Amino acid sequence: MHHGWSIGLMTGRPGLKEDRSAPRSEAGKLPSSRGRRCWLRAFLAGGLCVVVAGVGLAWWAARRQMVVEMQDAPMGGFFDPDRITVAAGTTVEWKNVGEQPHGATDDSTIALRAGDAAYPAGAKPFDSGILPPGQSFTYTFEVPGTYKYVCLPHEFGGMTGEVIVTK
Ligand SMILES: [Cu+2]
């Protein structure tokens, strides 16, 4: 207000004072509309934060979850994918999408060939048991290293897999 008035005085041009005073009423409204815009901006920024956090969380969760499908094949079956690399803390889900029973275990004491199954020192062996069609088994890999596992009913047919766990 003072600013417009002083400029009007300095320039001394007639009519300018009126020109300056006309938008003054609009200028008077400005703080409240600016305030509303500020709230809107804060609201949008907050919403954006929530969206970004949600996407980040979903990405983080996806990174720590992996699905390996157990599929039927003429020689018994196969894991799809049969070799994965995951970060420590990842939960792997084996899902039997076939029509015959499958399984997953890295326990070398029950595997047909001891070399087909292995897990790093410090880890405990996992064993899904026999999974009927449609069933799943999950295991969370906490210890980094190389895991070799088999489907017991189809190990002879080469149904083996590998999980490499990084730190
Ligand atoms: Cu199998």
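Two strands count as paired if DSSP finds at least two bridges between them. Keep that criterion at hand for the sheets on this tour of a predicted model.

**Whole chain**

Start with the protein chain coloured by confidence. The mean pLDDT is 83, and 74% of the residues reach 70 or more. Select residues 1–18: pLDDT stays under 50 there, and the model has eight contacts beyond four places in sequence for this stretch.

Switch to a cartoon coloured by secondary structure. The chain has two helices and seven strands. Read from the N terminus, the order is α-α-β-β-β-β-β-β-β. Buried residues make up 20% of the 167 residues. Among contacts with a separation of 6 or more, 65% join residues 24 or more positions apart.

**The four-stranded sheet**

Select β1, β2, β4 and β5. These four strands form an open sheet in the order β2-β1-β4-β5, with mixed pairing. β2 and β5 each have a single partner strand and stand at the edges, so one side of each lacks a neighbour in the sheet. From one strand to the next, the twist averages 20°.

Go to the β2 end. β1 and β2 are antiparallel and pair over five bridges.

Is valine 67 buried or partly exposed? Valine 67 has 15 other C-beta atoms within 10 Å, and is therefore partly exposed; the buried class would need 20 or more. Apart from residues up to four places away in sequence, valine 67 touches Glu93 and Lys95. Draw a distance from the C-alpha atom of valine 67 to that of lysine 95: the two are separated by 7.0 Å, although they lie 28 residues apart along the chain.

Now move to the other end of the sheet. β4 and β5 pair in the antiparallel sense over six bridges. Here valine 92 stands opposite tyrosine 139 in β5. Show the side chains of β5 to compare its two faces. Phe137, Tyr139 and Phe141 make up the covered face, while Ser136, Thr138 and Thr140 lie on the uncovered one.

**The loop between β4 and β5**

Follow the chain back from β5 and select proline 132, in the loop between β4 and β5. Why is proline 132 classed as exposed? There are 10 other C-beta atoms within 10 Å of proline 132, and a residue is exposed if that count is 12 or fewer. Leaving out residues up to four places away in sequence, proline 132 touches Asn96 and Pro101.

**The three-stranded sheet**

Hide the previous selection and show β3, β6 and β7. They form an open sheet in the order β3-β7-β6, again with mixed pairing. β3 (83–87) and β6 are the edge strands, each pairing on one side only. Ignoring direction, neighbouring strands of this sheet are turned by 20° against each other on average.

Zoom in on β6 and β7, which pair in the antiparallel sense over six bridges. Glycine 145 stands opposite valine 165 in β7.

**A cis peptide bond**

Select proline 81, in the loop between β2 and β3. Which form does the peptide bond from aspartate 80 to proline 81 take? This bond is cis, with omega near 0°. Most peptide bonds are trans.

In soluble globular proteins, nonpolar side chains tend to be buried together. The largest nonpolar core here has 22 residues, of which Val92, Trp94, Val150 and Cys151 touch the most other members. Two or more residues each come from β1 (65–73), β2 (76–80), β4 (90–96), β5 (136–141), β6 (145–150) and β7 (160–166).

Centre the view on valine 92. Which residues is valine 92 in contact with, leaving aside neighbours within four places in sequence? They are Met66, Val68, Val86, Thr138, Tyr139, Phe141 and Val163. Tyr139 is also the residue that valine 92 stands opposite in β5.

Notes
Residues numbered from 1 in each chain as written. Predicted model: local features only at pLDDT ≥ 70, side-chain atom pairs only at ≥ 80, totals over all residues. Core = buried A, V, L, I, M, F, W, Y, C linked by C-beta atoms within 7 Å. Contact = placed C-beta atoms within 7 Å. Axes fitted to C-alpha atoms, helices over the stretch in contact; angles between N-to-C directions. pLDDT = per-residue confidence, 0-100.
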